[in-house]
Every structure is written in C-alpha cells, then in structure tokens.
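Here are a few friendly notes to read beside the model. Take them one at a time and find each place in the structure as you go.

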Amino acid sequence: MCGSRLANALADTASALEAVNPFVQMRVDLRNLVRSQDAYHAAQGAYARRVEPLAIQYMWQRGVTVAILNADAHSWAARAGHVSQPGKSCVIWFGPAGKV
C-alpha cells in the first residue's frame, strides 16, 4: 500500500472509532491498559500506579480519560470515563481487589 493510501486508511479507521459508542471507546482503552500493564509488570515486577509511564505504548481514544486507582506487585484497578458521559465510567481490575 502506498503512503497516501495508508494514511487515508488510518484516517478512516480513526474516524470510524470516534463514531462508536463512548462506552465501547472506554472498554477499548481499558483493554489496551491491560496489555500495557502486563508489559510493564514483566519489565518492572509490579504494575504501574500511574498512566504516564504507559502513555508511550498507545494513545487513549479521543474524549476518554483513564486513571489507575490502585496498583501493587499483585493487582491493579483502573477507571475510564468519557467527556460525553459525565458521572458514568467503566472499571477494570486484575488480581485481588485492593482499597480503591
């Protein structure tokens, strides 16, 4: 695929995802966080307590915010929100539930 066709295909994909339900976008970002946390844990021996060390591994969907609520060597929990859904969020955790 030549450069301009590839750029157009990527733009089409981004536009399509932005048209998706905000809750789908939040779940996509939380699934990406799972992969990033797994990679971070493999390298560091503990899960990341903040999203900043993970930001280079992927980008959040437009309008989505993700916060890690709790993390240690054995478990983590995070919440995703969307600007178009104030007061609503999706939550994920791995391992024993800690204090949030």
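**Notes on the chain**

1. In strand 3, Ser-89 is the bridge partner of Gly-81. Strand 2 (residues 76-82) and strand 3 (residues 89-94) pair in the antiparallel sense over 6 bridges; two strands pair if DSSP finds at least two bridges between them.

2. Please keep in mind that this is a predicted model, where local features need pLDDT of at least 70, side-chain atom pairs count only at pLDDT 80 or more, and totals for chains, interfaces and linings use all residues. Residues are numbered from 1 along each chain as its sequence is written, and side-chain values use heavy atoms, with hydrogens and water left out.

3. Now look at the hairpin of strand 2 and strand 3, which has 6 residues between the strands. Here Gly-87 takes a positive phi near 85°.

4. For the overall plan, the chain has 2 helices and 3 strands, running α-α-β-β-β from the N terminus on. Helices (H or I, at least four residues) and strands (E, at least two) are DSSP runs, numbered from the N terminus.

5. Is Gln-37 buried or exposed? Gln-37 sits in helix 2 (residues 22-44) and counts as buried because its relative accessibility is 0%. Buried means under 20% relative accessible area, exposed over 50%, partly exposed in between (1.4 Å probe, protein chains only). Of the 100 residues in the chain, 28% are buried.

6. Which residues does Gln-37 touch, not counting those up to four places away in sequence? They are Tyr-47, Ala-48, Leu-54, Ile-68 and Trp-76, where contact means heavy atoms within 4.5 Å.
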